[in-house]
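Subject: Structure handover

Hello,

Here is the structure for your files. My notes on it follow below.

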Amino acid sequence: MASATDYRSGGAAPAAATTAAPATPAAPATDGPTPTRASAELAGAGTWSALPTKDASRPVKVSGSFTTNLADRRVNVERKTPTGRWVRAATARVRSTGRFATTWKTRSTSVHELRVVLAPDADADAAVAGGSTEAAAASTRATTDAPTVRIAILGRAKATWYGPGFYGQKTACGVTLQADTVGIAHRTLPCGTQVEIRRGGKSIVVPVIDRGPFANGATFDLTKTAADEIGVDGVNAVSFVQRDDLPRIATPSSAPAGR
């Protein structure tokens, strides 16, 4: 069993345990695991879906079935940036059957918000260029009313656990580690970043509270309580997604990355 007595997560030097009141981050807020597949209906057009692969280096497949009268129309797949802007991620043409398919490649193991919009046809483009208020309004509605979906691009990694032997000590993020502390150690993610870890059909969202792990080829080091929640009992393979869609959890200090 890989425990904290076997290796360090890099939180603090082996000093005497502190008796100060624990500084534990608030429990992360989440509405459950983010789906890895999502679909939506575009009013007056049809349905579409987004399906990430299990490998973050492989593209997300976006496809749909629209009405045949939209044949040859261009479809834009857009993603929402962290600043709230919508930018085009991919494009496709609707075939004579009404089907369309395209791919969007990303290496970002995080939660993304996507939408599919129909690009204006040539007549609408001409009308907008000619100053048609009605055509411009229709074009705006087609974009602003488009439904959005959230999907998780999962990564794969190894995870371990730690805790016993270090309770009462401060982690690199200033949290006083206790037996019931729920958190995770990572070498570079900012303190308080929320990460969703999945294993065996179970999932947990935990904040980064420490630096590490530095052994066993692992990427994440879960506190004992968090590890027990999803069945991490050694050096285990897990899936993960960085939850940048959730606010960072406040920690007593902002430790520099890679400490």
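The secondary structure of the protein consists of three helices and 14 strands, where helices (H or I, at least four residues) and strands (E, at least two) are DSSP runs, numbered from the N terminus. This is a predicted model, in which local features need pLDDT of at least 70 and side-chain atom pairs count only at pLDDT 80 or more, while totals for chains, interfaces and linings use all residues. Residues are numbered from 1 along each chain as its sequence is written, and side-chain values use heavy atoms, with hydrogens and water left out.

Overall figures: the protein has 259 residues, and 45% of them count as buried (under 20% relative accessible area; exposed is over 50%, partly exposed in between; 1.4 Å probe, protein chains only). Its accessible surface is about 12600 Å², with 50% belonging to carbon and sulfur atoms (Shrake-Rupley method, 1.4 Å probe; for residues, only the protein chains shown count as cover). Of the contacts (heavy atoms within 4.5 Å) with a separation of 6 or more, 73% are between residues 24 or more positions apart.

Two residues in particular:

- Arg243 lies in the segment after strand 14 (236–242). Arg243 is buried because its relative accessible area is 1%. Its side chain makes a polar contact of 2.7 Å with that of Glu196 (a pair of N or O atoms within 3.5 Å; within protein, one must be able to donate a hydrogen and the other to accept it, and residues adjacent in sequence count only if both atoms are side-chain atoms).
- Pro120 sits in the loop between strand 7 (111–118) and helix 1 (122–129). With a relative accessible area of 32%, Pro120 is partly exposed. Its C-alpha atom is 7.9 Å from that of Arg73, 47 residues apart along the chain.

Regards
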